[in-house]
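My entries follow in the order I made them.

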Amino acid sequence: MKRVLLFVLLFVFCSTAQAGMFDQIKGVTDTLQKATTPAKKTVPRTPAEPTAAPDAPGRASSPAAAADSKADQKLRGDFYNAYWLKYRDLVELYMPLYDKPDLFLVYGDTEKLAKVKAAFQDIHSGCTTKFQGVTDDPRRGRSEPIYRWSVWCQMAAQGDELVKRAVTNKVAYLVSSITESYEKQSKNLAASNGRLKDWDQNYYVDPEGTKAGIVKQMSADLKVAGLEKPPDEAFAKTDQALAKLLGEIKEEVKNWKCEPDGTPASDSFVSQQYTAAFKGAKVIRNYKKYRDWKVTLNYRGVPTHRAMKGMIVFKLPNETWCRSQEYDIIQDYQGRGYGKNYFEHSPRDGWTTMCTCP
């Protein structure tokens, strides 16, 4: 029994000693490996290149940028600091007009128009003195037009003309609906049989009256722009479209006849209304379509008004053809009788048929 116990103790002692020896050997081996293995070099991360501010020095992105001098950069930087925050929005608004002179620009109210005029004067003062020779940003000028500093100076030099152009183009826009009515009528003329319902008669009959109304509407803007009245070019497209339409009517009218419609009858009210609406008009014929007035009753059976429909044929002094037009005369019921005559639609608002004179 004693021999068995002694054997077990001897086995445990030997195992423990062997494990310690192995740990020591492994420690020595690891140390040698670290000493003989080359250490890994730590490569520092390159920071991202910051986005350059306008005209900030940096790598050249184009031949033009490569040739850019520090003096050019400084001049642009000073120009930027002087005007960017003050006038960037105004210049950006007007730059499309500078590039496209016929553009209709929504420039805002009269106060803003005056501000942009003053802004251009301020920029022009700088461009002709301390910022003379300022150049475009070679890094951003092509892709972002607002960084074309030389264009700022060119615009400023033409500032008064740009303001006049903006106002002139607004006038052209105001009459563009009239222009479109003539173009539409011209397109539909052949199939109209002389019945013209698309064109604006007011400008044709009284162009100066239309222009006077625009002058009144835009008087403040015209004053800021230094214009007494809109220049003729503002109405050029309208006048061209009207002239084209009149030439086409002259060719087509031989195919359109003034057909009588109703019972011939003279009517001083009708004649007076048409000669007043169309200067120099001469009444050729007048027809009544009803034998008697048509009375309209309300739900209680009480008259509200009565109407007489008719047709007039008249001629204007500047036309080689006649016009026929339907009308409705209205009289309102006033309890003991009917009131004065009035037209349901004014003579200029009615549809007009062009025709050969009877």
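I call a residue buried when its relative accessible area is under 20%, exposed when it is over 50%, and partly exposed in between. By that cut-off Cys 258, with a relative accessible area of 13%, is buried. I note at the start that this is a predicted model.

**Entry: overall**

I looked up the confidence before anything else. The protein has a mean pLDDT of 85, and 81% of its residues reach 70 or more. Residues 1–53 stay under 50 in pLDDT, and the model gives them three contacts beyond four places in sequence. I found a further stretch, residues 56–62, with pLDDT below 50; beyond near neighbours in sequence, the model has 10 contacts for it.

I then listed the secondary structure, which comes to 12 helices and eight strands. Of the 358 residues, 34% are buried. I also checked contacts between residues at least 6 apart in sequence, and 68% of these join residues at least 24 apart. The protein exposes about 23000 Å², of which carbon and sulfur atoms supply 55%.

**Entry: disulfides**

How many disulfides does a search of the whole structure find? I get three. Counting bonded cysteines along the chain, I read their pattern as 1-2, 3-5, 4-6.

I took Cys 127 and Cys 153 to begin with; their sulfur atoms are 2.0 Å apart and form a disulfide. This pair links distant parts of the chain, with Cys 127 in helix 4 (residues 110–127) and Cys 153 in helix 5 (residues 149–157), 26 residues apart. The link is left-handed, with -80 degrees about the S-S bond. I find both Cys 127 and Cys 153 buried.

Next I looked at Cys 258 and Cys 355, which a disulfide joins with an S to S distance of 1.5 Å. Cys 258 sits in the loop between helix 11 (236–252) and strand 2 (263–264), while Cys 355 is in strand 8 (residues 352–355), so the link ties together parts 97 residues apart in sequence. About the S-S bond I read 60 degrees, and the link of Cys 258 and Cys 355 is right-handed. Is Cys 355 buried or exposed? Cys 355 counts as buried because its relative accessibility is 0%.

The remaining entry on disulfides concerns Cys 322 and Cys 357, joined with S to S at 2.0 Å. Cys 322 belongs to strand 6 (residues 322–332) and Cys 357 to the segment after strand 8, so this pair ties together parts 35 residues apart in sequence. The disulfide of Cys 322 and Cys 357 is right-handed, because the torsion about its S-S bond is about 105 degrees. I checked burial at both ends. Cys 322 is buried, at a relative accessible area of 0%, whereas Cys 357 is partly exposed, at 36%.

**Entry: surface patch**

Which residues form a nonpolar patch on the surface? I find Phe 104, Val 106 and Tyr 173, which together have about 310 Å² of accessible area. I followed up Tyr 173, which lies in helix 6 (residues 159–174). Tyr 173 is classed as partly exposed because its relative accessible area is 46%, which falls between the 20% and 50% cut-offs.

Note on methods. Residues are numbered from 1 along each chain as its sequence is written. This is a predicted model: local features need pLDDT of at least 70, side-chain atom pairs count only at pLDDT 80 or more; totals for chains, interfaces and linings use all residues. Side-chain values use heavy atoms; hydrogens and water are left out. Patches are made of residues with over 30% relative accessible area and no salt bridge: like charges are joined within 9 Å, nonpolar side chains (Val, Leu, Ile, Met, Phe, Trp, Tyr) within 5 Å. Accessible areas come from the Shrake-Rupley method with a 1.4 Å probe; for residues, only the protein chains shown count as cover. A salt bridge is a side-chain nitrogen of Lys or Arg within 4 Å of a carboxyl oxygen of Asp or Glu. Helices (H or I, at least four residues) and strands (E, at least two) are DSSP runs, numbered from the N terminus. Buried means under 20% relative accessible area, exposed over 50%, partly exposed in between (1.4 Å probe, protein chains only). pLDDT is the predictor's confidence in each residue, from 0 to 100. Contact means heavy atoms within 4.5 Å. A disulfide is a pair of cysteine sulfur atoms within 2.5 Å.
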